[in-house]
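These are my notebook entries on a structure that I examined element by element. I record what I looked up and what I found.

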Amino acid sequence: MTDALNEVLNLGIAVLILVLGVWAVVARDAFAAAVGFIAFGLSLTLAWLQLRGIDVALTEAAIGGGLTGALTIFAVARLRATEAAASAERPSVPTRIIAVLVAGAVTFTLILCVLALPNPAPSLASAVMAHIESTGVGNPITAVLLAYRAMDTLLEATVLVFALIGVWSLAPDDVWGGHPGIRQHADPNGILAYAARILPPIGIVVGTYVFWVGADHPGGKFQGATIIAAMWLLVVMAGLVDTPPVSRRWVRIVAAAGPLVFIAIGLAGVPTAGAFLAYPHGYAKPLIVIIELALMPTLALVLALLVAGAPTRIAKR
Amino acid sequence: MNDILAWTSIVAVTAGVFFFVAGTVGLLRFPDAVTRLHALTKADNLGLGLVALGLMAQARSATVMLELLVVWGLVLVSGATAAQLIARGQRRGDTQP
């Protein structure tokens with residue numbers, strides 16, 4: 001009975017994901033497509049929960065649904081002025097034929113790849129569990145992210161900093177170094193200001209908890225940092241504080257600190273443990289904690305500033 | 001005792017699902033943004049509250065019960081805020097219905 005119910009639930013989620021995916025692609029209105037995409041991210045979260053991938057589900061909810069959703073909505077708002085002109089444009093017949101061919105080829109290749117996957121899928125799970133003792137952490141996902149495949153995490157964190165530099169570089173010359181985004185003005189006694197006063201204390205506790213619990217349970221710095229970034233953005237949107245000018249030294253230092261500490265510890269691994277990003281025996285856990293502590297503020301700041309966008313206003317001296 | 005808890009769950013979750021269905025129907029059928037918000041907030045507030053209540057009756061520990069209560073409370077705050085903001089944006093007329 002429970003199995004049958006579970007199957008129905010799985011089928012429902014799968015259908016929902018497909019429908020929302022198609023909706024996000026074919027919707028003519030950019031805002032509707034963005035909303036469809038956010039709902040798509042949330043249904044993916046449900047799918048990961050059903051697959052018992054709690055860590056992935058948390059990340060999908062925080063980054064796939066929440067943060068990317070916010071970025072998409074802001075992008076839609078910026079594009080609104082040109083949207084009517086863009087959707088009135090009719091591509092020529094050859095362009096459309098090429099588009100159909102390319103999209104068809106990509107889909108076909110993806111189908112071939114999925115069908116070519118070995119069944120059962122190769123798994124390194126037992127190898128991960130066999131050596132987890134030496135990393136000192138209890139959550140195998142964290143062990144993979146910060147010990148076995150620390151290189152990937154380092155590149156991920158670094159790419160975010162580069163993305164932020166890319167966003168900043170969109171600023172016109174005369175406002176370079178200024179405050180990102182528009183100055184928000186909300187009624188100081190309104191509901192948004194109220195929410196921005198009562199939610200952040202809860203959000204900071206939850207974000208820090210999600211970050212700290214990541215060593216032994218589902219959670220981690222990415223999810224925790226997203227929650228804290230969201231709290232900061234809420235306070236910014238309520239107009240209670242302004243975004244810092246991107247020329248401030250502390251902004252630059254915090255944005256670069258995480259990856260730099262990560263690289264420094266990685267380089268220290270060369271003389272002490274024989275390889276880049278190798279941890280000397282017995283020091284794995286403290287080094288992982290230092291890396292996570294250094295990455296956390298960087299991620300929170302970078303994620304929030306990515307949503308805030310390019311500098312638009314000159315900083316007052 | 002277990003029977004009472006089980007019946008509490010069944011009644012509360014069923015009532016919660018009713019509010020979700022009613023809210024969804026309202027969202028699809030009501031003519032403008034403000035009435036749609038009215039339907040939607042009922043689903044969010046009452047529907048989720050009743051489902052959370054039903055699940056609390058099945059919770060194994062006080063911590064889980066408290067967590068469910070906090071989840072409901074947070075959705076109440078964010079739902080109320082979002083509804084107010086949408087309604088205000090609607091009244092100013094800068095969003096399409």
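**Entry 1**

I began with helix 8 of chain A, which passes helix 12 of chain A in a left-handed crossing. I call a crossing left-handed if the near helix is turned anticlockwise from the far one by less than a right angle, and right-handed if clockwise. Helices here are DSSP runs of H or I with at least four residues, strands are runs of E with at least two, and both are numbered from the N terminus. The axes of helix 8 (residues 150-168) of chain A and helix 12 of chain A come within 10 Å and cross at roughly 35°. Axes are lines fitted to C-alpha atoms, for helices over the stretch in contact, and angles run from 0 to 180 degrees between N-to-C directions.

I then listed the residues that meet: helix 8 of chain A contributes Ala157(A), Leu160(A), Val161(A), Ala163(A), Leu164(A) and Val167(A), and helix 12 of chain A contributes Leu295(A), Thr298(A), Leu299(A), Val302(A), Leu305(A) and Leu306(A). Contact requires that the C-beta atoms of two residues, placed from the backbone, lie within 7 Å. Ala, Val, Leu, Ile, Met, Phe, Trp, Tyr, Cys and Pro count as nonpolar, Asp, Glu, Lys and Arg as charged, and the others, Gly among them, as polar.

**Entry 2: basis and confidence**

I note that the model is predicted: local features need pLDDT of at least 70, side-chain atom pairs count only at pLDDT 80 or more, and totals for chains, interfaces and linings use all residues. Residues are numbered from 1 along each chain as its sequence is written, while chains are lettered from A and ligands numbered from 1 in the order in which they are written.

The model scores ipTM 0.78 and pTM 0.84. Chain A averages a pLDDT (the predictor's confidence in each residue, from 0 to 100) of 87, with 99% of the residues at 70 or above. For chain B the mean is 86, and 95% of its residues reach 70 or more. Within chain A, confidence is lowest in helix 6 (residues 132-135), at a mean of 78, and highest in helix 4 (residues 93-116), at 93.

**Entry 3: layout of chain A**

I count twelve helices and two strands in chain A. An automatic or database assignment sets the domain bounds; it divides chain A into domain 1 (1-89), domain 2 (92-122) and domain 3 (128-317). The centres of domain 2 and domain 3 of chain A, taken over C-alpha atoms, are 35 Å apart.

**Entry 4: helix 11 against helix 12**

Which way does helix 11 of chain A run relative to helix 12 of chain A? The axes of helix 11 (residues 249-273) and helix 12 (residues 284-308) of chain A come within 7 Å and cross at roughly 155°. That makes the two helices of chain A roughly antiparallel. Angles under 35 degrees count as roughly parallel, over 145 as roughly antiparallel, 65 to 115 as roughly perpendicular and the rest as oblique. The crossing of helix 11 and helix 12 of chain A is left-handed. Among the contact residues are Gly258(A) and Pro259(A) of helix 11 and Pro297(A) and Thr298(A) of helix 12 of chain A. This contact of helix 11 with helix 12 of chain A holds 16 nonpolar residues, two polar and no charged.

**Entry 5: loops of chain A**

The peptide bond from Asn119(A) to Pro120(A) is cis, with omega near 0°. Pro120(A) sits in the loop between helix 4 and helix 5 (125-130) of chain A. I also noted Arg52(A), which has a positive phi of about 65° although it is not a glycine.
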